[in-house]
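Biologist: I am new to this structure and would like a close look at a single part of it. Please take me through the salt bridges slowly.

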Amino acid sequence: MSIPDVPPPPVADAGLLKQAMRRLVGGVVVVTAGSGEDRVGLTATSAVSLSVDPPTMLVCVNRASSTWPVIVKRQHFCVSILAAGHRPVAERFAGIGALRGPARYAGAEWTTMASGASGLTEAQAIIDCDLEEVIERHSHAILLGAVREVRLGGGPAGALVYGGGSFIDLSQP
C-alpha cells in the first residue's frame, strides 16, 4: 500500500504568530545562569513546571541570547518568579537600556543558589535547577531542569505578567 502524496502544510506568517501570542497573557520570570562576571540572564514568559514527581521545570530560551551558552557551559539555570513591583528588573533582563551580563543585576538584591546561579531575593519564588535535558528546535532550546532548590518569597504580592506587548502589574488593591 502506498502513501498518497500529501502537500506540506502552509507555513504561517511569523509576524501574525507573534501578534497572536502577544494576546496570551503569561507570568514573567527572569532566567539566570553563571556566577560572578559570568552572570547572565533574560526575561521570559515560557517557564512552567513540567512535573512535581520528580520536580522538573521547563523553560524555553532563544539560542541567540547571551544566556544560552552560559546555561550550556554551567549546566544550570535559576527561575525567579517576578512580583508586581519587579517591572524594572524585567525590563533590564529583557534588554531595555542595552545592559548586558552582570550589569543587568544592578539595582536589585540577589542570592546565590545551590547551583551557583543567582535568584532575585524578593521574588515571589526562586526555583534553582540543574540542566537535565536540552531539546533544540529552530531558534530556541527547550530546557528541562531538575529542581535542586525552591525558595518562596515573603508575603502576598501581585503578579507581573506580560500581554499585549507590555508588562502588566497585577498588584492587589
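With which residue does Arg87 form a salt bridge, and how far apart are the closest N and O atoms?

Modeller: Please keep in mind that this is a predicted model. Arg87 forms its salt bridge with Glu91, and the closest N and O atoms of the two are 2.9 Å apart. Both residues belong to helix 3, which covers residues 87-93, and because they are 4 residues apart there, about one helical turn separates them. Arg87 is partly exposed, its relative accessible area being 38%, and Glu91 is likewise partly exposed, with a value of 24%.

The structure holds 5 salt bridges, and another of them joins the side chains of Asp38 and Arg74, with 3.0 Å from N to O. Here Asp38 sits in the loop between strand 2 (29-33) and strand 3 (40-44), while Arg74 is in helix 2 (residues 67-74), so this pair ties together parts that are 36 residues apart in sequence. Asp38 counts as partly exposed at 22% relative accessibility, and Arg74 is partly exposed as well, with a relative accessible area of 31%.

A further salt bridge is the one in which the side chains of Arg148 and Asp130 meet, at 3.2 Å from N to O. Since Arg148 lies in strand 10 (residues 140-152) and Asp130 in strand 9 (residues 125-137), the pair ties together parts that are 18 residues apart in sequence. Arg148 counts as partly exposed at 46% relative accessibility, and Asp130 also counts as partly exposed, at 29%.

Terms used. Residues numbered from 1 in each chain as written. Predicted model: local features only at pLDDT ≥ 70, side-chain atom pairs only at ≥ 80, totals over all residues. Heavy atoms only, no water. Salt bridge = Lys/Arg side-chain N within 4 Å of Asp/Glu carboxyl O. Helix = DSSP H or I, 4+ residues; strand = E, 2+ residues; numbered from the N terminus. Buried < 20%, exposed > 50% of the residue type's maximum accessible area, 1.4 Å probe, protein only.
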